[in-house]
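Please find below a short note on the model under review. The points move from a single residue to the chain as a whole.

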Amino acid sequence: MRFLLFLLAFQSLSAADLVAEGWHHRVWTVYPVEKVKADEELPVTPIAPAVTMSAARGEREPFVAVLRPQVPLREVSVVAGVLKHADGSVIPAANITAQRLGYVFIDEPSGTRINQAMPYPVGVGQFPDPLLANRGEVRPGHNLQFLITVQVPRDAHPGRYEGTVKLVFRKEPWMKPDLVPEDAIRVVLNVRRFALPERSPLLNTSYANLRELPEAQRTPERLAEMQRGFIEHRQTPEPLVPSPKLKIGKNGVLTVDSAAWEQAVEAVFQNGGTHVFVPV
C-alpha cells in the first residue's frame, strides 16, 4: 500500500473526460491532482476519443480512471496493453501499472483553523488517497477509482504511442447474455526527445507521517514498500521510519538505538534517493 504524495481536501473542478459508456455504468478520466469524492457525480459529456498524455523518456505519467455504475460491479481491475509507435517500437504492458484508490474521510475542510481564504474549493466527505491493490468492487451510485501510471523507458523512441487499457469486471448471472464485461480506454502518449536525469538535481521532500497508520499497515515490509514508492517518484519521505529509539538505563544513562533507522537510510540511497533528514 502506498499513498499519493499530498491530500488536499478540495472538490473536483469538473476537469473530467468521459471515455467509456458501458452497460449501466460510465468511465471518466481525471488528472490525479483532481480529487473526486466517493459519491460525487461527474458531468456526462460527449465521449472523448482518448486519454492524451505527454512525458519525457525516463518519466512516469499518471491518470485516474473513475468508474461509476448504476448496478453493483465486482472483481474490477485494470488490464494494460502495449503502447505502439508507428516505427514498430513499443512500451510494454509491464510498464503500465494500476492501483486502486481507497478513501479517507475528511470531517473538516482544509483551512478551517486559519484566518484566510483557501486558494481552492474545500469540502468534507470521502476523498481518495491511499493506493491499494489493483482490484475492487463498487456499489451503485459510487465511484471506484484507479491510478494508472505509464513508465516511459529511458531508451524509448520519441514520438506518438497508442494503445488501450481495459477495465474488466465479473460477469454476473443477472447481466445480459451478450455482455462483454470490460471497457477499453484508448491511450495516446507523446514521448519527448529528451530524458529526465537519472538522479534528480532537486531535493524533493514529502511529509507523510507513516507512524500514524493503523498497526496492521505499519509492518516493516509495508513501511519499506511505501518508502520505496516515494523514492521511485523522486521524493524523500519525511520522517523516515523506523525512527531512532531513545533508551534510559536504570543508571540514568541515555542511549540511542539507530540501527533500524540507518538501514532505512541505506535503502533510500540504494533505491536512488538524494537526501535524508537527520532526526534531532
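**Notes on the predicted model**

1. Beyond its neighbours within four places in sequence, Ile-148 is in contact with Glu-61, Pro-62, Phe-63, Ala-65, Val-78, Ile-96, Thr-97, Ala-98 and Val-165. The coordinates discussed here and below are those of a predicted model.

2. Ile-148 belongs to the largest nonpolar core, which has 35 residues; together with Leu-189, Ile-148 touches the most other members. At least two residues of this core come from each of the strands S2 (16-22), S4 (51-57), S5 (60-69), S6 (73-80), S9 (96-106), S12 (144-151), S13 (159-168) and S14 (182-195). In soluble globular proteins, nonpolar side chains tend to be buried together.

3. Strands S17 (residues 245-248) and S18 (residues 254-257) pair in the antiparallel sense through four bridges. Ile-248 has Leu-254 of S18 as its bridge partner. Five residues separate the two strands of this hairpin, and Gly-252 in the turn has a positive phi of about 85°.

4. In secondary structure, the protein chain comprises two helices and 18 strands. Of contacts between residues at least 6 apart in sequence, 75% join residues at least 24 apart.

5. The C-alpha atoms occupy a box of roughly 75 × 45 × 45 Å along the principal axes. Of the 280 residues, 41% count as buried. The accessible surface of the chain is about 15500 Å², and carbon and sulfur atoms account for 54% of that area.

6. The chain carries 31 positive and 30 negative side chains, and the centres of these two sets lie 2 Å apart.

Technical notes
Residues are numbered from 1 along each chain as its sequence is written. This is a predicted model: local features need pLDDT of at least 70, side-chain atom pairs count only at pLDDT 80 or more; totals for chains, interfaces and linings use all residues. Side-chain values use heavy atoms; hydrogens and water are left out. Two strands pair if DSSP finds at least two bridges between them. A nonpolar core is a set of buried Ala, Val, Leu, Ile, Met, Phe, Trp, Tyr and Cys residues joined through side-chain atoms within 4.5 Å. Buried means under 20% relative accessible area, exposed over 50%, partly exposed in between (1.4 Å probe, protein chains only). Contact means heavy atoms within 4.5 Å. Accessible areas come from the Shrake-Rupley method with a 1.4 Å probe; for residues, only the protein chains shown count as cover. Lys and Arg count as positive and Asp and Glu as negative; His and the chain ends are not counted. The place of a charge is taken as NZ of Lys, CZ of Arg, CG of Asp or CD of Glu.
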